[in-house]
Structure formats: C-alpha cells, structure tokens
Amino acid sequence: MTDYDVVVAGAGPVGLFLACELRLGGARVLAVERLTEVDETIKAGSVNVPSAVSFYRRGLLPELNAVWEAALEHLRAFRDRQGEKGEPARPPAKFLGHFAGIMMGADLFDGSDPAWADLGPAREAGLVVPQAELERILGRRAAELGVEVRRGVEVTGFEADDDGVTVRTGRGPVRAGWLVGCDGGRSTVRKLAGFGFPGTDPEITGYQAIVEMTGDERLLPGWNTTDVGTYVHGPFPGRILTVEFDGPPADRSAAVTAEELQASLRRVTGVPEVSVEKVVSATRFTDNARQVSEYRKGRVLLAGDAAHVHSPFGGQGLNLGIGDAMNLGWKLAAVVAGRAPETLLDSYTAERHPIGAWVLDWTRAQIAVMRPDPHARALRRVMTDLAHTTDGTTHLVTRISGIWQHYDLPGGHPLTGRSAPDLALTDGTRLGDHLHTGRALLLDLADDGALRARAEGYADRLDVRTVACPERPRLAALFVRPDGFVAWAADTAEGTDGTKAQELGDALRQWLGERDPVGAP
C-alpha cells in the first residue's frame, strides 16, 4: 500500500504544473519543496508559444494576462526614464525575440504560416510572466485541484523496487508508486538515481539582477556587445545582465554581492562611474549544457532542469520544463490508474529528448556568436545580416517561439503529431475549451457514427464532441491527446471503406490503452 501514487520532488513551476496534470488524471500526488516560500530571485521572465497554449488549454490564460498587464507598467516606467528631458520616450519598435542579443522586429516577420493562425486566444497572450508570479499561479491551481504541497521538505534519498519507491525526506519516509525529480539543475534525484548527464562544460560567468544604482546614465538600453562581453540594461528599471567569457564562477552557490555585480558591470560596459548601491535580486549563471540520455529509470523520472541544463539565452529553460510536464503528466496518470500499460512512458523520452537536444544546441550557438574574439565577431556580423532579412527573422522567430515543435507520431495526416489547431466550432466553443479537464478529445466534425462507435468504451478517459467547423470543411475528425497534440486526423474524402474507423481505433488503443469492454461493440 502506498501513501501516494506519485511524489514530485520540487515545487517550482515545472513540479507544480506536473502535479496539476497528474491530479487531473486522477493520481494522488505529493509535491515536496526544500524552500519554505516562493523563490523571488530573478529568473525566467517569459513563456513561449507552446507554454502559452498549454496554459490556455488548462484555463490559466486570464491569470497570465493579468500578470502581463502589471508587467507592462514596469516596461513603460523604464521607457520613460530613457526619454530626453523627462519627456516620455517613444515606444520602441515591437520586437519578437532575439538570437544572442540580435533583436528581431515585427516589421520583417512573415506570419503567413497557418500555424500562427491556429493559436486562438493564446496568440494574443502576454508572454512576459516573471517565474515567481507563474509559480504563485500554479500553486493556487494545485491547491484547487487537491494537490498536497509540503514546503521546507527536502528529498534526501530513496529506494526503488518493483512495486514502488520509498522516498526519504527530512520529515520521514513516504511510500509512493513513482518518483519524479523536478528539483533543478543540481537535482538530488538525478544524482541518486544514477542518470548519466553528458554535455559541454561552461566557459562564461553571467549575472542577472535587479539593483538600485547610480551613474547609469551612459548605459545603453537593451542588448549590447563590447570588447569584453555582453550586457543588458532594462527592459524595466534596475534590471541588468552581464556576460563575461573568462570561465565559470568559482562558487555558484555564494551570495551575489553588490561589489561583485558592480565590478562585472564596469568591466563589461566600460562605464567606471556606474555604482551598484543595493541588490534587490540577483543570480549567477553559466553555459553548462547537459542532458540525460533517458528521462526514466524504472520508477524514477526526471523533468525540467533536472533532465537538462543550458544557458538562459532565448528564454527556453522554463518553457522546456513546462513542455516536459505537459507531456508526462497524463501518461504517468494513465499508467498509475491502470488505464494504459507502463510502456506508454517510453514515449516520454522519445518525444521530449529531441526537443531538449535542440534547445541545448540553440543556446550553444548563441554563446558562439556572443564571444568577444575576432572570429566570433565576424560570425556575429554575418548572423546579423541574415537575421535582419524577412526570411531570417521569420525563421529565427519561428524557432524561438517554439511553434515548430512537434512529435513524430504514426499517421499520414499533416496534423498528426502537431499541436492541435484551436478550431472555432459551430456551438460557439473552441477546441481549447474542451481540454480544460485534461482528458483526451475526439472531435467528430462530419457526424460519422462509425467513428463514435469506435470510441465507445473510452468514456472514462475520452470526451467525444459531434460538431462542425466551417473554417475547415475538409477536416472530418481529430483525436487529440490530453496534452493537446493530434494523435490521429482524417479528411472527409478519406477512408470511405471503413479504414478511418480502424485507424482511429488503433490510435485510441496506442494512446489510451484498451477500452472498457462493457458496452463496447
């Protein structure tokens, strides 16, 4: 007998979101976190398109947009400080992201790719969301769903066997069926479980901070390269970032002091009069880039930074972890409940590892372009020329946004393996409205009784909606996994000999397990 189905080690945004996903699937979840309060240290500050879509599909978009509106006030305050003679500065051109500090403006972006039109309300979401605020939002959702969260509790060890895991904590042992490490880049769970963590060693020391400073009038706003490294000033008052290519810090765990930040800021900017008077929040980082080769060992799994670490450039880290949680949560919940075989968990590594590997390479490439040596500066000029073309901006923004992400799933339809388009339906709803509960969805868009019959026996894990979609008249049906990815799709002209129903049945069995024989044909 277990105390919980799953123990999640770490209750940051990734651990909390995973716990929520597990709870939606019916699992008994305990999340433990060594910190007693939400960590206010400045960290991730934005969410990408897949994360925004995931939060939309779980009904969290209104809260995220409220945080974005509050963040806008800070952005406006910084812009006003940059104005001449106290007059408000003109709003800058709209930027859609950056590659190694090379900014990409909306004026060169070609958004004609249909994928951008399929996002629904998530397309207009405010993407600037401080990590601490996101953690608070997810903490409230976890409480609403009945997730038990214990703060001030650290995992100190565990023993796994064929039936479960005994997790040792500072407050005594807990017995669970599964353990998931969401405990960050220095993950205790990863180390104790013996996961290999291959990758590349760091070569930079970076600081990100919110400070009170004087003598900063000569600091340029935005991203800037110098003979020493890179610095960022803004986009809200007091926020600074520096990068120096002199090797990793001697002690990443030591408190970041005002003197340390000031010295780095003066070296990189070449502005000797800038003085850091007070540190509000600060962190060090490096470009250490590593990834486990598999995300599961028996009854122990990893997600987020516990599975992969890299530099923060491009804002990919938090978003990569949210994607891990969205992918793993419904699968592990289905295995826990006995609705799906344990082999379903094999698809977690298969689907998420390639995206994690891409992120590591994406951040490594940015380090190569940011180096201060002559060869890297020549490469940066070439990249800048390419980035400031329509094709270059469109490619880079598409990659940064994450809209390209997909899984290699069986099936020949163009939508299979892609994030489901947020279809507008004739009943006044959108596809995303039907995913709030975390259940799979079959949209029957052509009133096909054979498809609905094939779905019988899955009522405990699948919602079926017969409705039309005028904007996609050729689309006959979509089977959408709980994470919002299309597992099967068909057009109206396909499969008139009954193959559509057979293909749907195969997809349902693969992703949802065997159907309940009671009442099934």
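Hi everyone. Let me start with a term: pLDDT is the predictor's confidence in each residue, on a scale from 0 to 100. What we have here is a predicted model, where local features need pLDDT of at least 70, side-chain atom pairs count only at pLDDT 80 or more, and totals for chains, interfaces and linings use all residues. Residues are numbered from 1 along each chain as its sequence is written, and side-chain values use heavy atoms, with hydrogens and water left out.

The protein's average pLDDT is 92, and 94% of the residues score at least 70. Now look at residues 84-92: there pLDDT stays under 50, and the model has 10 contacts (heavy atoms within 4.5 Å) beyond four places in sequence for this stretch. Where pLDDT is low, the predicted coordinates should not be read in detail.

On to the cysteines. How many disulfides does a search of the whole structure find? The count is 0, a disulfide being a pair of cysteine sulfur atoms within 2.5 Å. Take C20: the closest cysteine sulfur to its own is in C182, 12 Å away, so that is too far for a bond.
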